[in-house]
Amino acid sequence: MQIFNFSQPVNFMRLKWPALLLSVLLLIGSAASMFSQGINWGLDFTGGTVIEVGLSETADLTAMRQMLAGAGYPDAVIQLFGSSKDVLIRIPLRPDLEQAKVGQAVLQALTGELAEPVSLRRVEFVGPSVGEELKQDGGMAMLVALLGILLYVAVRFEWRLSVGAVLALGHDVILTLGLFSVLQLEFDLTVLAAILALIGYSINDTIVVFDRLRESFRKLRDATVDETINHAITSTLNRTVITSLTTVLVLLVLFFMGGALIHGFATALLFGIAIGTYSSVYVASAIAEVLGISREDMLPPPEQDDAEISELP
Amino acid sequence: MLNKNPAWRYLVVIAMLLICMLYALPNLYPEDPALNISAARGAVVAEHSVVELEQAFAKADIAVKSVQLLDGKVLARFASAEQQLQARDLAKNVLGSNYITALSLAPATPDWLAAIGATPMKLGLDLRGGVHFLLAVDMQAALDKHLTDLVSRFRTDLRQAQIRYLSVNAGPALAQVVIKFRQADDMHAAVLLLSGQDRELLLTESQDKLSLQVSLSEQRQREIRNYALEQNITILRNRVNEIGVAEPVVQRHGADRIVVQLPGVQDTVLAKEILSATATLEFRLVDTDSDLAAALAGQLPVNAELYYHNDGTPLLLDKRVLLTGDHITDATSGYDEYSQPKVSIKLDTAGGSLMSDASKDVVGRRLASVFIEYKPGSELNADGTSVLVKQQEVINDATIQMRLGRDFDITGLSSPAEAQHLASLLRAGALIAPIQIIEERTIGPSLGKENIELGISAIQWGLVAVLLFMVVYYKAFGLVANIALGANLILMIGIMSMIPGATLTLPGMAGIVLTVGMAVDANVLIFERIREELAEGRSVQQAIHQGYDRAFATIADSNITTLLVALILFGVGTGPVKGFAITLAIGIITSIFTAVVGSRLLVNLIWGGRRLQSLPL
């Protein structure tokens, strides 16, 4: 069984300009969304208090909202979390509140007024400085990772490919951030981990294509650059699709069965892998081509061995 | 013949798998609800405590799995959590208040596995429930306290050297004291005096020669910060041990932060109270004239109070407090000129003059150090918080040999360990830099359990989906890939259990699931390559050989970049992100191994070295 069985290389590069245009439009859209409505940062980044409580019956959110407003938390955000009996309460940072005590106070307010027993599932409090640092550290991790990859690919392959790979990664990250901004999904620590994992996954994909590209350049001596790239992408297409498929399978399981805490993680990776598969075909290779990669750049450096061998008797 | 491997290669791979399997085994055994009982303040846990407990449990009909004495602690295992709770109350009654009883989960690793050092994976707080605190030490307060002391020291020193000054004040800049003079000559004299005193002070003269800036060197500031941090960590460790938590973590985190993790603790209010409890220290003279026996019988002398040593011996102390602990600026253990253990105490300027005044007429009498702590007790205030109970004990008493000043030593200690312990208690009683909770995460036990169950079922179903897909798509070769995937999981879990620092967290479990999806990648690359080689008309054996060889370069390149990302994640990330990075990195390495080495050996064993017309691929 084989998904694709092409006798001729598919002409992927025919669509390189429309594809690049589409990517640029998507990037502009993502940036616009991030600037206009921003990212819905989770507790890990903004600071504040999150309380998850379990009830024995279906929760009446309106009543709980009123109770908390009465207890001095009119700005509390209350929502169901995972099931109709789990409730997530967010209390934003406020200078007049002693945040470290909010969790207990809210729980007391609820147990006092609700007839049914309330069980505390988790309380998380994050101070303002911690969240700010996490944003900086996370951004730093991403930059360092991209820079490391830029260097490694430049050394192992060629600088044009390196630029293509890193731009493709940046493309994947920005579009995923854009998705979280457009849909206003919560961006928490697990989503950050997912985006960093996405960088790892997506570079994997791109390197496989590049590796084949290098081989094709050396093998197909009379082909044009376009033809060579098409050949490399076509011959790795089966692998690209199958690996994405198995990973997506597993992520779907995580998405549906992993519980509410891991939802953001699965969402980010599902979207990111779709984008990453597309970008390793179109963005990375197309950019390398636009930058003017040629067969000569990919040939092994003239080896000293040949000269020595000819001198041997 | 192509694609034949020597037997030793198979043996090496099988041996590696078996070892990892052995170390992964403890994870299959469920944990027992258990009690950890350790001794506090002078009490000792010994065989008789074990017997006492066993009898008490038998009387109350509590089924005990085992009661053992391990490293000076009693570990009692129970069949259920209810019995564990009953047993805790019982143990508290039987043994009294000098013992600390902690609830815990003890791994039920069989002895033969424990003997080779195999232990289950450590679970993060998000999987086992508990409290996590991140505390920030107020370094500004620590520096300010030091500067205030410096100001009063300069005033005294200048006065004693008869140098006239206008004012000595802290600030305006950070870590700086400014001394103002009326005449340039005075400043000159002051510079001479101060520069000889302390090399860590940087002196800057002003243009008009009338004011002198004294700032603390970077080195000194770093020392002050480190001291404030270490002091807090020592105190927190002592307190956490007193709460009775099994496997607590108190760790330095960066330049001015402390992480405290208390697995299994649910009552954050109590935990916070204990963490923020204050300790002080008092120096008092020992009253040897009054009648101790009468005092013990209830007839206290007018000007003395009854105290107890930490080993339980009673003694009478003067009511008057010579000095309080907030004047202590440092206490370190070391050796005197006769190589006997000692503790050196440094006081601030005010403390030094108090001590010198107080001790000049009492040379020859004994001086006791009393350690005082306020801890939450069992009674409750009206607002539901615990009433703080004052606990005090004499940690040392020594004869005053001469008039004491700002620096003095306590000698005559029995061992270097005692000196260290005393120094740490003295530091704990000194004024400490305040700490503030800047992050708190409490995970209820039910949520932790749920997270584990969700994680395991996600791994199972993810695995099933991938296994099915591979068999359908690659047929017999798919089976080989599946065996490699199974081996990969065993290797991963085995290695995670072997590394002592590796902790499994929820994102870590997500990392395992993701690795399952990505681990087949290497095999997919290889199989696709073999198909291509076959399509180009190579013989079956050639195709297998070339397929593995050519795919290897690609696999190596692509995985090294991913590994790079995992390492960066580990370096920059904290807590959960680190946990994820560890699983990802281990998963990458094991998946390369199982695909490149493991699956190749298997393929060669089945199809290698034979004349075949086609492959079941």
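Let me start with domain 3 and domain 4 of chain B, whose C-alpha centres are 34 Å apart; the bounds come from an automatic or database domain assignment. This is a predicted model, where local features need pLDDT of at least 70, side-chain atom pairs count only at pLDDT 80 or more, and totals for chains, interfaces and linings use all residues. Residues are numbered from 1 along each chain as its sequence is written, while chains are lettered from A and ligands numbered from 1 in the order in which they are written.

Domain 3 covers 140–218 and domain 4 covers 277–417. Each gives 4 residues to their contact, a contact being two residues with C-beta atoms, placed from the backbone, within 7 Å. On the domain 3 side there are no nonpolar residues, 2 polar and 2 charged. Nonpolar here is Ala, Val, Leu, Ile, Met, Phe, Trp, Tyr, Cys and Pro; charged is Asp, Glu, Lys and Arg; the others, Gly among them, are polar.

Now the two chains. Chain B puts 55 residues into the contact and chain A 56. H14(B) has the largest share of the chain B side, 14 residues. Helices and strands are DSSP runs, H or I of at least four residues and E of at least two, numbered from the N terminus. The chain B side counts 34 nonpolar, 13 polar and 8 charged residues.

Pairing requires at least two DSSP bridges. A:Val123 has B:Thr442 as its bridge partner.

Which residues touch the most other members of the largest nonpolar core? They are A:Leu196, B:Val513 and B:Leu569, in a core of 136 residues. H13(B) contributes the most, 22 residues. A core joins buried Ala, Val, Leu, Ile, Met, Phe, Trp, Tyr and Cys through C-beta atoms within 7 Å, and buried means 20 or more other C-beta atoms within 10 Å of the residue's own, placed from the backbone. Beyond four places in sequence, the contacts of A:Leu196 include A:Met142 and B:Val565.

Last, confidence: pLDDT, on a scale from 0 to 100, is the predictor's confidence in each residue. Chain A has a mean of 84, with 94% of its residues at 70 or more. Helix H12 of chain A is lowest, at a mean of 48, and helix H1 of chain A highest, at 94. Where pLDDT is low, the predicted coordinates should not be read in detail.

Definitions and conventions: A residue is buried if 20 or more other C-beta atoms lie within 10 Å of its own, exposed if 12 or fewer, and partly exposed in between; C-beta atoms are placed from the backbone.
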